[in-house]
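Let's take a friendly walk through this model together. Please have the sequence and the 3D view at hand.

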Amino acid sequence: MVTIMAPKTNSKSYFETTVIPEIDLLYRTAWSLTRSESEAQDLVQETLLKAFKAIDRFDGRYPRAWLLTILKNTNINRARKKKADLLKDPDTTFANSLEFSDPTTPEILVIDTFFEANVETAYQKLSPDSKAIIDLVDLNGFSYQEAADNLKIPVGTVMSRLHRARKQVRQDLELLDKESDQ
Amino acid sequence: MMMMRMMMRPGGMSCRKALKLMQSYLDGEVEEKLALKVAKHLNACKDCDEESLVYKKIKASLANRPPHVSQDIIDSLTDFTQNLSKS
């Protein structure tokens, strides 16, 4: 059963209590989309500003999904604006135009924003040991042997821990997908 | 149905074996000859190929996580939110 809160009763404090628990996830998702600290910070600030202006229209259901939708749309608009600004700039180089010939379409960005956020949520639920293996292999590109040497554990343990961790992420993604479909 | 699927060997490998090797294969940790067999299976088996795409996407997303999140940034975004509420 979903409890629907009434945001209009005290919009400002409601905004704060709704948004603050999601800031970490919003920032991490924004970083995944921009791969830059300053751009991620700007993107989250713009998202928060838009959310604040729209809080009276928010029905109180699924605040995370609501905020991620704003983040996603803000990111698409920022990318479009950046592209338009570059095209207007007479000094735009061939390299810059190539950067924006990326086949990534806004439609793909829509999917990725939620996927990245769900993977982040699933990752945060993993044990410290599982996180450590994922950080070494997926984030830092270590081989199984390198990860084993780094953690001083057998290669077989690296493999089983890593596979189990990713399976857990996969199962959580299914659950999160089901939740968002409801 | 599941049993039948398990008994079939698209591309010369069972789905059970392909699924067991899937993550090591995607990590480039399977020796070449076996990797070719997995690739052949994925080419011939739609279900396993779809499963491999899911894992590829998960791996890519895990690789795309921020290496470190500064608490200062989270604090400053929290302050920003609180200031909006006070405005």
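This is a predicted model: local features need pLDDT of at least 70, side-chain atom pairs count only at pLDDT 80 or more; totals for chains, interfaces and linings use all residues.

Residues are numbered from 1 along each chain as its sequence is written, and chains are lettered from A and ligands numbered from 1 in the order in which they are written.

Start with helix α7 of chain A, residues 128-139, which packs against helix α4 of chain B, residues 46-63, at an angle of about 95 degrees and with the axes 8 Å apart. Helices here are DSSP runs (H or I, at least four residues), numbered from the N terminus. Axes are lines fitted to C-alpha atoms over the stretch in contact, and angles run from 0 to 180 degrees between N-to-C directions. The angle therefore makes α7(A) roughly perpendicular to α4(B), a term that covers 65 to 115 degrees.

Which residues meet here? From α7(A) come Ile134(A), Asp138(A) and Leu139(A), and from α4(B) come Lys59(B), Leu62(B) and Ala63(B); contact means C-beta atoms, placed from the backbone, within 7 Å.

Now turn to the loops of chain A. Tyr62(A) lies between α3 (37-54) and α4 (63-88), and its phi is near 45 degrees, a positive value in a residue other than glycine. Lys152(A), in the loop between α8 (144-151) and α9 (155-181), also has a positive phi, near 55 degrees.

Buried or exposed: which describes Lys152(A)? Lys152(A) is exposed, because it has 6 C-beta neighbours inside 10 Å, whereas Tyr62(A), with 15 other C-beta atoms within 10 Å, is partly exposed. By this count, 20 or more other C-beta atoms within 10 Å means buried, 12 or fewer exposed, and in between partly exposed, with C-beta atoms placed from the backbone.

Notes. Helices (H or I, at least four residues) and strands (E, at least two) are DSSP runs, numbered from the N terminus. Angles under 35 degrees count as roughly parallel, over 145 as roughly antiparallel, 65 to 115 as roughly perpendicular and the rest as oblique. Two residues are in contact if their C-beta atoms, placed from the backbone, lie within 7 Å.
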